Amino acid sequence: MHHRAIAIAVLAGLAGSAAAQFDQKATSGTTGGIATAYDVMSTESFDLTTPVVSSGLPSDPIFPFGGTFINEFVGATRFYAEGYAGTGSNLAVVEGGVASSTHITTSGVSERIGLAETGGGPVGLFETQHPTQTAFVAGGRETPGPSNIVTAGIAFDSDLWVAGLATVAPNSVSGSFSTNNLTQFRTFTALGVTGSATGGETADVITMSYGIPTNSGSAFFGDVIVDAVAEASGLVAVAAAGNDALNFGPGVFGSPAIGFNSISVGATETGIQDPFYDQRAPFSSFGATAFFDRSTGTVIPGAYAAVDIVAPGTDITAPFVNATSSPDSFTITAGTSFAAPTVAGGAALVVEAGRDLYGGNDRAIDGRVVKAVLMNSADKLAGWDNGQMLDNGVITTFQSLDLAIGAGQMNLDQAFDQYTAGTTDVAGDGGGTVETIGWDYGQVTNGERVFYDVNTALAGGTDLTVTLTWFAEFELDVTPGQEFLADDRYADLDLEVYAVDDLGQRTLLAQSTSAFNETEHLSFTLQEDTLISIAVFGFGEIWDFGADGTVTDFGLAWAGTAVPGVPTLAGLLGAGVLATRRRRPA
């Protein structure tokens, strides 16, 4: 495996991608068949040797601190002002090696996990520069650095864990490393399911900045095990999208970022003056990539929108670590490697706030909800386009996300309001009357709709943004000696927005109906004051190998601007006059 830095070796057969095919919507889900059972016990080595390349200046004790204060730029300071810096959230950084135990920013790591700790063998903990840098960005300690400048990661008071996958010593210069299926299985299940390496505690957030470039849609083991652990535990998984754009063009992304249940993070770049970080970094992977339909064995080119969100990924101040460096040395670096832990740190802040504000409600910190909250509150950068068009008078997207920047750039200031200002988890299994902003953890059954009726009209000329996320499902057995992992079920949900008239009738206004994504997303300007209703539709299944599932858990977030002094939907519901009229067949 290799770290995601700017320079990527050219691999034969991975150039380009086919034209997008986002309108390929199956008429029904596929059930039955034979599930893919993955070879957990494989010790075949995965190894790529690509150097980590930094941008800007080499190590310098002063200059790196002269740029943008990333914590403030992405809005983390809003959480700090509210009293949240990640305290009590378990934030795990998984790489080949582990963060330095001597650098000032990572010397306070609370858990250091290698193969010996997960039962994989007596292999040491290899300290290298790249995991030190990514751990610092995610949750490095608030520590005085050169010239007494305080350095701090995004969630600087989280319980920061580091875990190494390397089965032999990583390359000290490139950071590349070798691992195998069994090592990945035991490491990720220990972190997310059993807590066997951490005294019974499990991670709330896992971030990964390594990968194998691909545009084949194939299910690498690294994707599948991360997906399975996220689904089994509800943790937030974050992965760097890859730095493959310059060498391969669109459509090539890194594994495990092409998995279904993680947040895939691209990078933005900064210029020489404001506005900073306002566009995709040239190296950051983008475009539509292939989807592998595991029920039919069919590869569908250009059918999957891989990037979920973006964050700053250039001119990043990070630790400089080698055999002779001092414990307070820094450099400037770049890559989606550093955008991913920025988002992971943001997720850890949300988790801490959720535990504090919503008590023992595990649904509040579920990975589907956190992902929906972060994506729905992201900034739409100039040129954002998720393919929305008018289809028979209905705003429609078949691709869900912008192919370069996903839902947009993470904005934690807005995420705090998204998470706390309105409806916070509707009672029951989903649906009901809600406020103009909020989130929910819900369930939907195949062929049915769950409605969220906003209780106040939204103002014309303002934007409505809605995000729906769900997980692919897996069979997972973590019993030692019986380890097992197989595909189980992948649902196909749709997101719909209805206008509600004075008689309480619903008319379809907008829809996100991507064929293969695990996220649906809408963001559009209302033309007039509109009372709206949001629906999650259980369209069907892409596969269900056991034919045993009809219900899908989901996370939903929405945000609009209310018009004061108008009739509320609650009144219409009370009068019993609500009806539904659709412009397309159900």
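**Notebook: salt bridges**

I searched the whole structure and found 16 salt bridges. I count a salt bridge when a side-chain nitrogen of Lys or Arg sits within 4 Å of a carboxyl oxygen of Asp or Glu.

Notes on the source: this is a predicted model, where local features need pLDDT of at least 70, side-chain atom pairs count only at pLDDT 80 or more, and totals for chains, interfaces and linings use all residues. Residues are numbered from 1 along each chain as its sequence is written, and side-chain values use heavy atoms, with hydrogens and water left out.

**Entry: Asp413 and Arg78**
I looked up Asp413 and found it bridged to Arg78, with the closest N and O atoms 2.7 Å apart. Asp413 is in helix H10 (residues 412-420) and Arg78 in helix H2 (residues 76-81), so this pair ties together parts 335 residues apart in sequence. Helices here are DSSP runs of H or I, at least four residues, and strands are runs of E, at least two, both numbered from the N terminus. Asp413 is partly exposed, at 34% relative accessible area. My scale: buried is under 20% relative accessible area, exposed is over 50%, and partly exposed is in between (1.4 Å probe, protein chains only).

**Entry: Arg506 and Asp453**
Next I checked Arg506, which forms a salt bridge with Asp453; their closest N and O atoms are 2.9 Å apart. Arg506 belongs to strand S29 (residues 505-512) and Asp453 to strand S25 (residues 449-454), so the pair ties together parts 53 residues apart in sequence. Both Arg506 and Asp453 are buried.
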